[in-house]
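Below is a short report on a two-chain model. It starts with local pairing and ends with confidence.

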There are 2 protein chains.
Amino acid sequence: MSTLSTKADDIARALEDEIVSGAIAPGAVLRQESLSERFDVSRTPVREALRRLAALGLVSFEPNRGVRVRSITAHELREAFLVRAELEALATEIATPKMTPADLAELDAIERRFGELTLELRGHARSQAPRDAGLFVEWMQANYAFHDVIYRVADVPLVERIAKSARRTFLGDRVWSARAELDELYAKNDLQHRAIRETIAAGSASAARALAREHVLSSSRLIEVVLETLGAAGREPGWGG
Amino acid sequence: MSTLSTKADDIARALEDEIVSGAIAPGAVLRQESLSERFDVSRTPVREALRRLAALGLVSFEPNRGVRVRSITAHELREAFLVRAELEALATEIATPKMTPADLAELDAIERRFGELTLELRGHARSQAPRDAGLFVEWMQANYAFHDVIYRVADVPLVERIAKSARRTFLGDRVWSARAELDELYAKNDLQHRAIRETIAAGSASAARALAREHVLSSSRLIEVVLETLGAAGREPGWGG
DNA sequence: ATTGGCTATCTTGGATCCAAGAATGGCTAC
DNA sequence: GTAGCCATTCTTGGATCCAAGATAGCCAAT
């Protein structure tokens with residue numbers, strides 16, 4: 001059997017997902033032993049996976065003490081958004097003159113779907129419906145899909161990689177409990193996507209850049225408001241846990 | 001004895017330096033066994049170090065075949081400069097309103113030193129002096145020092161980290177053999193630094209941003225010319241090597 | 001002579017083993 | 001009763017060991 005991936009890689013990916021999705025809380029301490037029995041491997045590939053996560057900045061090693069999931073400060077979060085704003089703006093500018101009619105059509109389709117989901121979500125938000133997690137995930141995916149088309153057309157893998165790693169410097173879904181505050185985000189995102197698409201279609205690269213930048217920055221501002229609303233709710237498990 | 005760093009970390013740092021400096025050629029295959037005896041450790045910490053380098057994008061694992069130092073394409077190099085341009089521009093804009101007179105004085109001192117080195121280097125370049133490697137390194141350090149002041153004032157560690165990792169996506173010193181072509185770079189860099197400093201001193205954040213961006217982009221264009229001049233000189237050692 | 005296949009060797013990926021540093025809990029002295 | 005010290009236990013960092021995949025060299029058959 002030809003192993004196309006190594007166990008360390010698989011474990012790294014799995015842990016990465018859990019960390020960025022918030023399934024593993026920031027500040028949590030990762031024990032090599034428990035991870036190794038959970039993935040049913042020895043500690044060796046686990047440690048290699050942890051090394052990778054450390055290089056990505058997701059966890060930090062403390063020699064002879066273990067690894068802990070890095071928690072992100074408000075300052076870092078703001079920076080991550082700034083980086084995303086610049087890089088997504090750059091990608092948008094590069095993509096604009098390369099857009100084919102087919103690409104524009106794809107953007108349009110995603111936009112339409114995104115609009116539907118937005119309406120639905122806003123309805124749920126108002127009615128305080130108990131269970132819209134799946135819907136929210138779908139909305140999120142449509143949101144990312146829009147940007148992914150732009151990255152694909154721009155053909156800037158390095159920019160894309162960095163921007164996405166900044167994108168994932170995110171908080172768990174606990175942020176999304178602030179439904180009311182997010183209502184504004186839903187609507188704004190929708191409008192901004194439309195505006196960006198129109199500007200791209202018109203071929204104004206620099207205008208599209210500016211819109212893309214403002215798009216990311218405005219969600220940054222909103223997220224900050226949400227965080228303030230939630231307060232410093234991030235409990236940080238200590239070493240004893 | 002309290003080990004403040006782990007062997008894997010030390011090895012990773014050492015290899016990182018050698019790779020970015022070009023001491024280890026792109027395309028080279030790294031054997032775990034030889035590395036382990038070179039650093040006088042077992043293969044375990046070596047592999048952890050390699051995992052870190054892989055996460056940083058400096059090497060790539062091919063399962064059951066080994067690790068190879070990633071070679072950079074012209075496209076990737078251009079992208080790295082684009083990323084640097086955006087992020088250094090951002091940092092400059094953020095730093096501008098935060099600049100104290102002391103910071104400006106420091107910038108000025110570095111600039112002056114930079115100017116001297118530039119003059120010296122240009123003289124050497126014209127006379128085809130045989131040995132100015134040390135001088136060039138000094139020039140490079142002064143160049144980076146200028147930008148480092150800006151980063152320090154801007155206080156954006158994430159932006160700084162990403163920009164610097166893009167900065168290091170560089171070629172070995174073989175690029176710098178193209179003396180004649182670099183003459184232009186020397187002069188231009190000097191002028192641009194002065195302009196940036198003046199604009200920062202004047203407090204025009206957005207103008208400083210634009211200048212910083214153009215500064216990086218112009219060196220990008222120049223490097224491309226140099227690369228064309230050198231031709232596709234990158235020989236790529238195969239697996240057999 | 002060349003090509004195909006087989007075997008021997010090399011290297012990696014992973015498991016297990018060992019030593020050293022850090023937390024914990026109990027004991028003693030005040 | 002409390003504070004400090006020492007031993008026990010736990011966990012990590014690193015070394016060694018083993019199996020599986022990959023490369024290379026050799027031989028045979030056409």
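## Strand pairing in chain B

Phe61(B) stands opposite Val67(B), a residue of E3(B). This is a predicted model: local features require pLDDT of at least 70, side-chain atom pairs count only at pLDDT 80 or more, and totals for chains, interfaces and linings use all residues. Residues are numbered from 1 along each chain as its sequence is written, while chains are lettered from A and ligands numbered from 1 in the order in which they are written.

E2(B) and strand E3 (residues 66-69) of chain B run antiparallel and are joined by four bridges. Strands (E, at least two residues) and helices (H or I, at least four) are DSSP runs, numbered from the N terminus. Three strands make an open sheet in chain B, ordered E1-E3-E2, with antiparallel pairing. Strands pair if DSSP finds at least two bridges between them. Strand E1 (29-30) and strand E2 (59-62) of chain B are at the edges with a single partner strand each, so one side of each has no neighbour in the sheet.

## The interface

In chain B, 27 residues are in contact with 26 residues of chain A. Contact means C-beta atoms, placed from the backbone, within 7 Å. Helix H3 (43-55), helix H4 (74-95) and helix H7 (157-167) of chain B each give two or more residues to this side. H4(B) gives the most, with eight residues.

The side of chain B that touches chain A holds 16 nonpolar, four polar and seven charged residues. Here Ala, Val, Leu, Ile, Met, Phe, Trp, Tyr, Cys and Pro count as nonpolar, Asp, Glu, Lys and Arg as charged, and the others, Gly among them, as polar.

## Symmetry

A rotation of 180° with 0.1 Å of shift along its axis superposes chain B on chain A, at RMSD 0.2 Å. The same surface serves both copies: 96% of the contact residues of chain B recur in chain A.

## Helix against helix

Helix H3 (residues 43-55) of chain A packs with H3(B) at about 35°, axes 8 Å apart. Axes are lines fitted to C-alpha atoms over the stretch in contact, and angles run from 0 to 180 degrees between N-to-C directions. Residues making the contact include Arg47(A), Glu48(A), Arg47(B) and Glu48(B). The contact of H3(A) with H3(B) divides into four nonpolar, no polar and eight charged residues.

## Confidence

Chain A has a mean pLDDT of 85, and 84% of its residues reach 70 or more. pLDDT is the predictor's confidence in each residue, from 0 to 100. Over residues 232-238 of chain A the pLDDT is below 50.

How values were computed:
Contact = placed C-beta atoms within 7 Å. Least-squares fit on C-alpha atoms with pLDDT ≥ 70 in both.
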